[in-house]
Amino acid sequence: MTAQGVPLRRRVLVVIVSVTALAVALFLVPLAVAVSLLFHDQTVAALQRDAAWVAAAVPDEPQPQLKLPTGLPGDLAIGGYDMAGARLFGDGPAHSRLAVASKDGRVHDTVEGGFLAVSAPVPSDEGTAMVIRVATPNSQVEERVHEAWLLLGGLALLVIALAAGAAVRQSARLAAPLERLTAAAQALGGGDFSVRASPSGLREADQAGQALESTARRLGAVLSRERAFSADVSHQLRTGLTGLLLGLESALSRPGADLVPAVRAALARGERLQEVIDDLVRLSRDSRVPAEHLDVSALMEEVRQEWHGPLAEHGRRLTITVEPELPPATAQPAAVRQILRVLIDNAVRHGRGEVAVTVSDVGPGLAIEVGDHGTGVAEGVDPFVRSSGDSHGIGLALARSLAEAEGGRLVLSRARPPLFSLLLPGHDT
């Protein structure tokens, strides 16, 4: 099933650009209003200065020809008005409401007839004699405001573009590790346990990658052990089943033979095979029971009952020696039982003479040793390595894996005559 939802790259891009655009709007809209008021106030202040300058130069009595002060801007419309708002001289509308408002003796400004105008009263001994009106085209002020707004708009677009670029880069930086983790997880699901997570610089993504890599290693190791365990177990079961079938075939091949002993032997072997199957199935499960205190005496009695007869049939002895006051050891009895079966079966099949089982104290734990008087292991040969031409190595490999699973060790203490030692941890370790 394909996952639904917005890709992380797009989501990060949209969020960052949206937040940036909102922040720019919240900043630039008040700034645009402030710029408009600033240009208006600057123009009004300049007009008030010019109007006061002209008012100071105008005589109390109106004259047809007014000599204006030099240095005034050329685009100004300057006119004189009486208290009724009628134009007396200069430029401007024939009647000005702004001039009427200035009869209170104060300076006023407004937009009148498309011009931003300022009026300044001309004082005299008898009060206000006339009003000087100075105006400039309001379109010039609006043009300056619009230019400033365009500049602010361009700046806003530049900021948003830079934010979009940063968003693309950041979204790629955030999404790339997740995309690599997705690919690694898919590869792991496909059976590739060699996945490795490359560092990204993001702590959370790196932690997830390390967890995935660790999981892949554990799964690979578990699968390898499971495969090896399955191969070893199948060999162990086939060995027991082959012995059972050979016994039945041998009895059937003898005319007039009493089949009762053969059937009883087959039943005994079948029961032992069933016990082997139960033990191995229990040991192969993931949810294994915790290790328990090992009852050495009961275990050695099982060994005596199982192997005394087969060895006696070949004229060989089974000797079991248990030292007194052994330290307590922890292990699953099923695992130890199967290990001893492998060791004693090898001694029966490949060894000679007496088979000795010794349980002794080795400090923090105990050792169970199995030896015989056979030729032993050739020099330079590892008996625990599986070999196509040496079938007993398969069983020893299984026994070693079971010992390691219990926290112990299975070693070859002596090559000739052979002596194998199973070392089990103590109760307090």
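Leaving aside its neighbours within four places in sequence, which residues is Thr136 in contact with? Before I answer, a word on what we are looking at: this is a predicted model, in which local features need pLDDT of at least 70 and side-chain atom pairs count only at pLDDT 80 or more, while totals for chains, interfaces and linings use all residues. Residues are numbered from 1 along each chain as its sequence is written, and side-chain values use heavy atoms, with hydrogens and water left out.

Now the answer: Thr136 is in contact with Thr43, Leu47, Asp75, Leu76, Phe115 and Leu116, where contact means heavy atoms within 4.5 Å. Thr136 belongs to strand E5, residues 127-137; helices (H or I, at least four residues) and strands (E, at least two) are DSSP runs, numbered from the N terminus. With a relative accessibility of 7%, Thr136 counts as buried, given that buried means under 20% relative accessible area, exposed over 50%, and partly exposed in between, for a 1.4 Å probe and protein chains only.

Strand E1 (residues 77-81) pairs with strand E2 (residues 87-90) in the antiparallel sense over three bridges, pairing being assigned if DSSP finds at least two bridges between two strands. Gly79 stands opposite Gly90 in E2, and among the five residues between the strands, Gly85 takes a positive phi near 90°.

Glu325 sits in the loop between strand E7 (318-322) and strand E8 (330-331), and with 78% relative accessibility it counts as exposed.

Next, the aromatic residues: the structure holds one aromatic pair, where rings of Phe, Tyr and Trp (its six-membered ring) pair if their centres lie within 6.5 Å, and planes under 30 degrees apart count as stacked, over 60 as edge-to-face and the rest as tilted. The ring centres of Phe384 and Phe420 are 6.0 Å apart and their planes stand at 90°, so this pair is edge-to-face. The pair links distant parts of the chain, 36 residues apart, with Phe384 in the loop between strand E10 (366-371) and helix H8 (392-405), and Phe420 in strand E12 (residues 419-424). Both Phe384 and Phe420 are buried.

Finally, the loop between strand E11 (409-414) and E12 contains Pro417, and the peptide bond from Arg416 to Pro417 is cis, with omega near -15°.
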